[in-house]
Amino acid sequence: MNAIYGLYPDPDSAQRAFNVLERAESELGFSNADIAVLSGEPYEEYRFGQRDNVTRMPWIAALGGLVGGLSGWGFVAFTQKSYPMISGGMPLVTKWPNGIITYELTMLGAILTTLFTLLITARIPDWRGRKLYDPAISNGKILIGVINPPEAARGEIGSRLRGAGAEVVKEFGK
Amino acid sequence: MNKTPEQINKDLLRPIYHATWRFYATAAVLTALVAAAFFAWGYQIYYGIGVSGLNRPVFWAFYITNFVFWIGISHAGTLISAILRVCNAGWRRPVTRCAEAITVFALSIAGMFPLIHLGRPWLFFWLIPYPSERGIWPQFRSPLIWDFFAINTYLIGSVTFLVLPTFPDFALIRDRASGWRKMVYRIVSLGWRGTPKQWHRLEMAMRIMAVAIIPVAVSVHTIVSWDFGMALVPGWHSTIFGPYFVAGAIFSGIAALIVAMALLRKLLHLEEYLKPIHFDNLGKLLLVMSLLWFYFVFAERLTIWYGNNPGEMSVFWSTQVGRFSPLFWTMVFCNFIIPAPILAIKNLRNKIGWTVVASIPIIVGMWLERFLIIIPSLSHKYLPYNFGSYRPSWVEITITVGTFAGMGLLYLIFSRVFPIISIWELKLGMTKVEAPEVASQEAAAEQPQGG
């Protein structure tokens, strides 16, 4: 993988660069999916920070909670039936106490599902190979660039990134 | 002049790269106390539970007091952090990680006490649901099994809540580290790069976690209260115990958080990040909880006194004018009479020293409260021939002291491995456009000021 990118000091200039690249897609021969954005903090107010922001995570968490709750109830009720032990005059399958365990496992199901959904959809952990990155990102810079740009368009992309306000334009993987 | 991202990184990562001799000296003292506690526990395991002060009729004492106390302290973090996150309180940003770490450590310490109290800790797995050789499963109708599920759910949730927002900060350390440290942080940052997708999923996950963890935290201390409330013991069998315990837990949790933050601020030189306004805001919450605590104590005693049940009244009088009254009135002083006026006066509350002066007695007072819930009731059950007393042994005292040292030690180690303030959230607070009506106060709270 190779890339050409610019580092921007603030979200406004990063947004300018993002707009420039979007407008130049067909002219310079790359697609929108090739535009790379990396930052040290989320910028959800800006359009470049809103990419891939559609997720069903809340629904998946709710489903995880439902599965956790049903498993909890089933587990406890099954246990009570398979080892019938009356205590304190309570029924064999005790709704109120079982409700507590069901509740806890509902929440545990939702929590674990959220965790796994995050890991899977954010594609972490990922330690494989060299990925586009620049340590300057953690100093507040925003990286906007193009992955695998057409060879002939490299110079033009670089100059447009500079024109949008990049502090520095770099190449990656060449 | 405002701080640049580079300066913030440098300030907040300093404790990870540099440790003073004070750090090692403090760690050595705390390690010695923890070692003493483990020795005492080993002594108890070898000679049997009889070396503790536990005896008929007081079979729950220091260990269960500590269990309830540390569960309460654990409410400092996840609950406070989650509530502030759900409310989008911008001033939370420098506070949340300090608080969440308290939760994880306090819960881990609390979880040890049932094992210590067992006397034969190698049989702890009897608590875990599994089919034994005799086909006997745990008794799901027992509140102790509810504890197992609630505490483990809360612990898993709290660890997740603490760890999720650390990935970007670990990536930040990875970018600056070298040698073994770079390798370790490369692994624990999970290959975090900061794509919009990663940020969006992380923020979404944190929002869901914040909503999920609040009812779990409330349920945990409610279920701990049901360990008592389900028993027909004078002073315990009360419907108010659930909210009473939860309010007390949040109360002690905030006090512990204020003390921890003040220590961190001083030891790690975080004066520009943990500012008086953070202590002032937490002080307001503490004042509310102090008043609420007093209300619950009054309501609990009023109904017992009005009911005039002989069994309940023997416990009541033992705490008001009898053997336990010095502890009871010390508790009232520590939890209400000392802190409430300090926290009610704005000119005192907005000074860090005074909020700490108000918080330390609360920690002591809340420990006494847990003690006073357990011991007087077990000493004065319904049948007078069964009245008894309790005196802690050196084993219990050593283990108790050791757990406080253990909390301090875990926190010290944590501050050497994790940035104690969430760096990316702090920076986000500085750049994010907040709602106009809260912007001025939050900007003042979030904006570090430097030279």
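Chain A contains four helices and four strands, where helices (H or I, at least four residues) and strands (E, at least two) are DSSP runs numbered from the N terminus. Along the sequence these elements follow the pattern β-α-β-α-α-β-α-β. The model is a predicted one, in which local features need pLDDT of at least 70, side-chain atom pairs count only at pLDDT 80 or more, and totals for chains, interfaces and linings use all residues. Residues are numbered from 1 along each chain as its sequence is written, while chains are lettered from A and ligands numbered from 1 in the order in which they are written.

The overall dimensions of chain A come next. Its C-alpha atoms fill a box of roughly 80 × 30 × 30 Å along the principal axes. The radius of gyration of chain A is 26 Å, whereas a compact globule of 174 residues would have one near 16 Å; the radius is taken over C-alpha atoms, and the globule rule is 2.2 Å times the number of residues to the power 0.38. Of the 174 residues of chain A, 37% count as buried, that is, 20 or more other C-beta atoms, placed from the backbone, lie within 10 Å of the residue's own.

Chain B is built from 19 helices and zero strands. Its radius of gyration is 23 Å, close to the 22 Å given by the globule rule for 451 residues, so chain B is as compact as a globular protein of that length. The C-alpha trace of chain B spans about 70 × 55 × 40 Å along its principal axes, and 50% of its 451 residues count as buried.

Within chain B, helix H16 (residues 352-379) is largely enclosed by the rest of the structure, because 22 of its 28 residues are buried. H16(B) bends by about 25 degrees at Leu372(B), with a proline, Pro376(B), following within four residues; the bend is the angle between axes fitted to the seven residues ending at a residue and the seven starting there.

The two chains meet through 51 residues of chain A in contact with 47 residues of chain B, a contact requiring C-beta atoms, placed from the backbone, to lie within 7 Å. On the side of chain A that touches chain B, the elements giving two or more residues are strand E2 (35-38), helix H2 (57-82) and helix H3 (95-121). The largest share, 15 residues, comes from H3(A). H3(A) is followed by Arg123(A), whose phi is positive, near 55 degrees.

Definitions and conventions: Buried ≥ 20, exposed ≤ 12 C-beta atoms within 10 Å, placed from the backbone.
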